[in-house]
Amino acid sequence: MNKKKLIYLLTGIILTGCSAGKSQKAADINTYLQTITPNELREHLYIVASDEMQGRDTGTEGQKKAGKYLISQYEANKIKFPPAAESWYQKVPSEFMARGFSPKLNDSENIWAFIKGNEKPEEVVIVSAHYDHVGMKNGEVYNGADDDGSGTVALLEIAEAFKLAEKDGFKPKRSILFLHVTGEEHGLHGSRYYSEHPLYPFENTVADINIDMIGRRDTLHPATNNYIYVIGSDRLSSELHEINERMNSKYTQMELDYKYNDRNDPERIYYRSDHYNFAKKGVPAIFFFNGIHADYHMATDTPDKIEYDALAKRAQLAFALAWELANREEKIIVDKDGK
């Protein structure tokens, strides 16, 4: 019996008699957080970032194959696509992604999964990651294990943890949309498309938790992987920033590094991943990131170099934050201008 199944079995024994109407506060977040394990993340990532996926370039056969794998995992866990959608896919047409200085891209798709809230289902927390990468160059596969295979598989594990809680009678108060976006590497296209064609109104969107590269360490942290860069959390909502710090203090105890959140940072990381398209629409957004390393956008960004203990802990923080945002009494405030 694997570790997750054993934990879940023990949880079922402990929580026998729990009903769907039981208070969310009675649930132990840590029980479900601990089901996000290095071993299962590794198992998913060795598939998502395998040579078989041909580097997952936008609109290619390899990316579509990776997308089918993601859907198969949601289906295996009995997680469905949103009831407001017609399928697992939000189609992103080639014409939308056209840029004068870029090669023509094929039609592609965002992929979404959904857990419906039981008290305020019309309010939605989004957890996002891009599942595309840069494809192949000169016959060599650029696997994109960290960028952003790590965030992609984190979404699978976070969604499964929420589903295990739901099975025990702890449905979230608000709904959660797990959004795998396409075309990030070519210009944040998938998230831009969603921001212009949202499935749920942005006035009812609580926040976007964006996960892009969380499986490695950078040169600024050579002695430890027990850190995560946090970007954007204080741009629109002081509460989002405070809640994330509180969840980390309570559950994961990592160093929260705000280097790239500096408004004067020359790398301008805040503007370079999918959360930015939500922030532009006034949705509070937070971006988890491990920093740049020597294998960034190289063929050497492979699954064997991922530090799975760090990947698990960072995914656990994202889960804890999503749990709190989905289950707190009031929707977080928007009290800042985004600058």
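**Close-up views of a predicted model**

**View 1. Helix α6 and the elements that cover it.** Among the elements covering the buried residues of α6 are the strands β1 (89–92), β2 (108–115), β3 (120–130) and β6 (174–181), together with helix α8 (275–279), where contact means heavy atoms within 4.5 Å. Helices (H or I, at least four residues) and strands (E, at least two) are DSSP runs, numbered from the N terminus. Six of the eight residues of α6 (residues 189–196) are buried, namely His-189, Gly-190, Ser-191, Tyr-193, Tyr-194 and Ser-195; buried means under 20% relative accessible area, exposed over 50%, and partly exposed in between (1.4 Å probe, protein chains only). This is a predicted model, in which local features need pLDDT of at least 70 and side-chain atom pairs count only at pLDDT 80 or more, whereas totals for chains, interfaces and linings use all residues. Residues are numbered from 1 along each chain as its sequence is written, and side-chain values use heavy atoms, with hydrogens and water left out.

**View 2. Asp-234 and its surroundings.** Asp-234 lies in the loop between β8 (227–231) and α7 (238–252), and it counts as buried because its relative accessibility is 15%. Leaving aside residues up to four places away in sequence, Asp-234 touches His-241, Asn-261, Arg-263 and Lys-336.

**View 3. The lining of the largest cavity.** Residues that line the largest cavity include Arg-235, Tyr-260, Asp-262, Arg-263 and Tyr-271. On a 1 Å grid over the protein atoms alone, a cavity is a set of points where a 1.4 Å probe fits but cannot get out, and lining residues have an atom within 4 Å of a point.

How values were computed:
On a 1 Å grid over the protein atoms alone, a cavity is a set of points where a 1.4 Å probe fits but cannot get out, and a pocket is an open set with protein on both sides within 12 Å along at least five of seven lines; lining residues have an atom within 4 Å of a point.
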